Structures are given as C-alpha cells and as structure tokens.
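User: Please take a close look at one residue, then move on to the core and the aromatic rings. Give the cut-offs as you go.

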Amino acid sequence: MLTIRENLLETMKGGNPDRFVKQYEFIDLIMEVPLGLEFNYGQTWKDHWGITWQWPEGQLGMFPVHHDGLAVIQDITEWKKTVKKPAIATSDEAWAPAIAHASAVDRKEKFATAFFAPGIFEMTHHLMGMENALMALYEEPEAMQELIDYLTEYELEFAAVMMEKLKPEAILHHDDWGSQISSFISPDMFEEFFVPSYKKIYQFYKDNGVELIIHHSDSYAANLVPYMIEVGIDIWQGVMNTNNIPELIKEYGDKITFMGGLHSGTVDYPGWEKEVVKKQVEETCKANGHKYFIPCQTSGLPIENFEGVIAYIDEVIDEMSKELF
C-alpha cells in the first residue's frame, strides 16, 4: 500500500495510485504563519493594510467593505498615498508556532505546507472594491500595473522570510480568479497583468525548495488553465463542476492536477443529508477518474462549516476507491 504522499504523486503523474486521494489528506497545513490575518466573528475591524472587514453574525465568512469612504484606495492614480506595505514579522518569537508545527510534520507521509492569502488579484479589489479594481484595469492600466508590482514585491519579501523559517515543501496559495460561471477578467487581461507576477512568485518558491504549488480558486477558470500551467501551478484546488473537469483532465492532465469537483455549497450546508453528499461524491469520482484528479470540497481550507461533512465525504471516497480500483 502506498503512503499518502506516494499515492498523491502517482495520481499527479498519471501513474498507478492504489486509491483516490482524499481531499487535503496529503498536506499538513501550517496555518500559524504570521500573515496578519484576523478572523473576528460578529465584528468590524481594520487589518494591517487598512482594509475594513466585516463578519456579520450568522454568516459563514467575512468580507471587505468599501462604502462611505472606507476603501483604502479612493483614486487608483493616487494609490501610493494610501497603500503602505505592512511590516513583516521576522523574529523567531513571532514565527515560533509556525516553526514548531513545521518541525513536527512527518514529511515522509505528508507535505509540510505553508499558507498564503490573499493573492494579488484579491488584494487589488480588497483595497478598492471589485468594480473599481476591474474598471481600473481598463481605465488606468499603468497605475494598476504599478500597484500589482508593489503587491508582488511585498509577497516576495514575505515569501523569503517564510522559506527561511519553515522550509515548506508545498504552498497553499489563495487567489480567487472567477465566479461560478466565468473568470473575472479575460484571459488576455489575465496574461497581461497577473501572469508576470505569478511567474515571479511561484518560481521563487520552486527555486527555494517548494515541490508543490497548490493554488486555490473556487471558481470557473477553465479559460485560465494554460496560464496556470505557465506560472508553475501543480494543483488547481477549488475547481468547480461548472468547469468541464473531464475535458480539462483529458487536455491538461499531464501538466496540472485538478482538485475539487464537490461544490461546498451543495455538500456543506445546514442540515446536510448523507444521501445528497453520497450521490455527489460518487458521481464526481466516476466522472473524473483517479488520474490527475483529487475529489475534494471546493472550499480553500480543510475545514467544514457543518459538523461531520468532511468525515463523511472521506468515507464515501474510501467506498469509491474499493469499487473503482
């Protein structure tokens, strides 16, 4: 029987896995990385970039708010006046929990995986709002390019510290690039503004010992897959079934692995039912096969909103492994 790590690598190379990879089982995720992220349920707060966040009671997550002058960038042509890189923690004390976690990972079994969020595209609209960010790409491309370059510099500076402190083998990097039915921007615009940045970022990680780049975008982004491959993404996590996953596997499977197919909104919901989840997992495993594909919730972390969902999905994946292998 293959180890979890070996089984993942066989799946990714289209070799001979002996079972389905179960969601995030192959990573040991180091969430203690001092990114400055806050998760304050029921509150409104400002983060280290000056972005205002709200997490209303009863909601499953938080979101940035930009009304009433709250946006950090009011005028993209004057972004330098209001956008300032936060200080990056470099002390052993600040990194101690993450270092301890990284040191404890059984790297023969799982990949020690560092976490980074938000990504470059998300940062642009967190700072000014989605509509303003998208319009600025058309109306003020030079200023937007300057901002993107600035955000890229910050991430590379942070990455240098993270690599030194943790020596991770994998990176789980968030940046949502689409809605359920479309990418947020055209492939041409994505290539112009974001591909150069991600080439720099992901090449830096690879040059410093990272084996797996796992990029989370729970969206439709089939039209961006060639660019995902170009920038060095090994696993696209979050691929929704609004993408034609079997076609993507057929066309690109030898270059990138697709992780998802289980739309979190339809399996991880209040009063979730085993029959509904079981049907979706079975259909997903049968439709996509076990090469270049990992059945997984589309959510970007190995967590559930409602108790028991992850364990039951894993149980059904085990059943499908017995049936299909």
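Analyst: Gln237 is buried, because its relative accessible area is 0%. Buried means under 20% relative accessible area, exposed over 50%, and partly exposed in between (1.4 Å probe, protein chains only). The model is predicted: local features need pLDDT of at least 70, side-chain atom pairs count only at pLDDT 80 or more, and totals for chains, interfaces and linings use all residues. Numbering runs from 1 along each chain as its sequence is written, and side-chain values use heavy atoms, with hydrogens and water left out.

Gln237 sits in strand β8 (residues 235-239). Strands (E, at least two residues) and helices (H or I, at least four) are DSSP runs, numbered from the N terminus. The Gln237 side chain makes a polar contact with the side chain of His216, at 2.6 Å. Such a contact is a pair of N or O atoms within 3.5 Å; within protein, one must be able to donate a hydrogen and the other to accept it, and residues adjacent in sequence count only if both atoms are side-chain atoms. Not counting residues up to four places away in sequence, Gln237 touches residues including Tyr24, Asp218, Met259 and Cys296. Touching means heavy atoms within 4.5 Å.

Now the core. A nonpolar core is a set of buried Ala, Val, Leu, Ile, Met, Phe, Trp, Tyr and Cys residues joined through side-chain atoms within 4.5 Å. The largest one has 94 residues, and Phe26, Leu147, Tyr205 and Phe258 touch the most other members. Helix α5 (residues 141-166) gives the most to this core, 13 residues. Another core lies apart from it, with 14 residues, among them Val309 and Tyr312. Phe26 also touches Met259, as well as Ile235.

Next, the rings. The whole structure holds 17 aromatic pairs. Rings of Phe, Tyr and Trp (its six-membered ring) pair if their centres lie within 6.5 Å; planes under 30 degrees apart are stacked, over 60 edge-to-face, the rest tilted. Tyr41 and Trp55 have ring centres 5.6 Å apart and planes at 80°, so this pair is edge-to-face. Tyr41 is partly exposed at 46% relative accessibility. Trp55 is buried at 16%. Phe116 and Phe158 are also edge-to-face, 5.7 Å centre to centre with 65° between the planes.
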